[in-house]
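Try each task before you read its solution.

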Amino acid sequence: MKKLIFAVLAIVATNMFAQSFSYIEYVEVTRSEPVYRTVVKRIPYQECWDEEVPVAYENRYSDNSDTVGALIGGVAGGIIGNQVGRGSGKTAATVGGAIIGTLVGKNLASRNNSYVTTGYKTVRRCRTRYEEREERVQKGYRNYAFYNGREIVKFSRRPLRNIKVKVTVTY
């Protein structure tokens, strides 16, 4: 047990009195190699075409049926209005019935004066597509040097002439 305690104390004592210092050295680069990576770029472009689209057109033709419908509606409205009222209200009801009858008659007659045809019109359609291209892009340089018989490698954006090495000596 005494030997174990003595060994631990010896190790602790030597570490307490150990010293170290550091300095910087510059090692000359022996070679620099470019480093590449492959990048995929997506380039947008538009693809367009003309397309025929069906369209419904309402065609109206004019004959005198609008006028005839308005006249028939006005007379019918006036007759009905005349049956409703009494005294001076009878006159107002007749006039109101004639006006409403004219509007209704014209509207009903004009419905028969139109027909729907289907035609086509050209519409321009476009969509965005993407073309993918692989490009080889230079990422930087791998710089090689030798220090104390060992090869050192340092990556950088440009080729280096020297590599900075921090040396720590402990005694």
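This is a predicted model: local features need pLDDT of at least 70, side-chain atom pairs count only at pLDDT 80 or more; totals for chains, interfaces and linings use all residues.

Residues are numbered from 1 along each chain as its sequence is written, and side-chain values use heavy atoms, with hydrogens and water left out.

**Exercise 1.** Find the residues of the largest nonpolar core.

Solution. A nonpolar core is a set of buried Ala, Val, Leu, Ile, Met, Phe, Trp, Tyr and Cys residues joined through side-chain atoms within 4.5 Å; buried means under 20% relative accessible area, exposed over 50%, and partly exposed in between (1.4 Å probe, protein chains only). The eight residues are V27, V29, A145, Y147, L160, I163, V165 and V167. Next, look at the strands (DSSP runs of E, at least two residues, numbered from the N terminus): β1 (20-60), β2 (114-147) and β4 (162-170) each supply at least two core residues.

**Exercise 2.** Describe the surroundings of P34.

Solution. Start with its place: P34 lies in strand β1. P34 counts as partly exposed because its relative accessibility is 39%. Then list contacts (heavy atoms within 4.5 Å): beyond neighbours within four places in sequence, P34 meets Q138, G140 and Y141.

**Exercise 3.** Which rings have a charge over them, R31 and R136 being the residues to check?

Solution. The rule asks for NZ of Lys or CZ of Arg within 6 Å of the ring centre and within 35 degrees of the ring normal. R31 lies over the face of Y144, 3.8 Å from the ring centre. For R136, the charged end sits over the ring of Y36, at 4.0 Å from its centre.

Conventions: Helices (H or I, at least four residues) and strands (E, at least two) are DSSP runs, numbered from the N terminus.
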